[in-house]
Amino acid sequence: MSQELINSLNAGDIIEILLPGHHHWAIYVGDGNIVHITGTIVGAGDDSVHGNSVVVEKSTLDAEAKCGEIKVNNLYNGDVMPIPKDEVVRSALQIVGESKPYGTCCRNFVLELKYGSANLDIIIRNLMPIPVELTVAAAKGVKNIRFNY
């Protein structure tokens, strides 16, 4: 991994590691290190979770990235106010060594650290404006309406 890439990362960033069949998520804590969860991967793609022996671990980004592509993916910056970066890093480092429940999703793990909630997809979806057609249909008492979005 290039020093240039590591120098472009900011402590508290969400790092997405694109591995074959799985995207692994971590919090960058500085000096080339990440905090992430480990454990056997169950499932594939967006539906994958970590199986047995899920533990929060601090390791080098280089060791975890292996041959995968690395990118900063702070996901909801602009939509949701992130927790201050120093607090994200402090919280991540404090839980190193803790066990997490079977089936913990590494994406949700980092979302909880960065934004304080793992269910942001649902929250963001609920904040989207209601289409005018649906509002009018509801006012008229229409029960079955279809939209082609």
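These legends go with close-up views of a predicted model.

**View 1. The open sheet, strand by strand.** Reading across, the order is β6-β3-β2-β1-β7, so that's five strands with antiparallel pairing. Going from one strand to the next, the twist averages 35°.

**View 2. Zooming in on β3 and β6.** Strand β3 covers residues 33–38 and pairs with β6 in the antiparallel sense, over six bridges. For a handy landmark, look for Val-35, which stands opposite Lys-58 in β6.

**View 3. Two helices lying across the strands.** Helix α3 (residues 85–94) lies across β2 (22–30), β3 and β6. Its direction is about 110° to β2. Helix α4 (residues 106–115) lies across β1 (14–19), β2, β3 and β6. Here the angle to β2 is about 30°.

View 4. Why don't the sulfurs of Cys-105 and Cys-106 count as a bond? The sulfur of Cys-105 has its closest cysteine sulfur in Cys-106, 5.4 Å away, which is too far for a bond, because a disulfide needs the two sulfur atoms within 2.5 Å. The disulfide count for the model comes to zero. As for accessibility, Cys-105 counts as buried at 18% relative accessibility, since the cut-off for buried is under 20%. Cys-106 is buried too, with a relative accessible area of 2%.

Methods
Residues numbered from 1 in each chain as written. Predicted model: local features only at pLDDT ≥ 70, side-chain atom pairs only at ≥ 80, totals over all residues. Heavy atoms only, no water. Pairing = 2+ DSSP bridges. Helix = DSSP H or I, 4+ residues; strand = E, 2+ residues; numbered from the N terminus. Axes fitted to C-alpha atoms, helices over the stretch in contact; angles between N-to-C directions. Contact = heavy atoms within 4.5 Å. Buried < 20%, exposed > 50% of the residue type's maximum accessible area, 1.4 Å probe, protein only.
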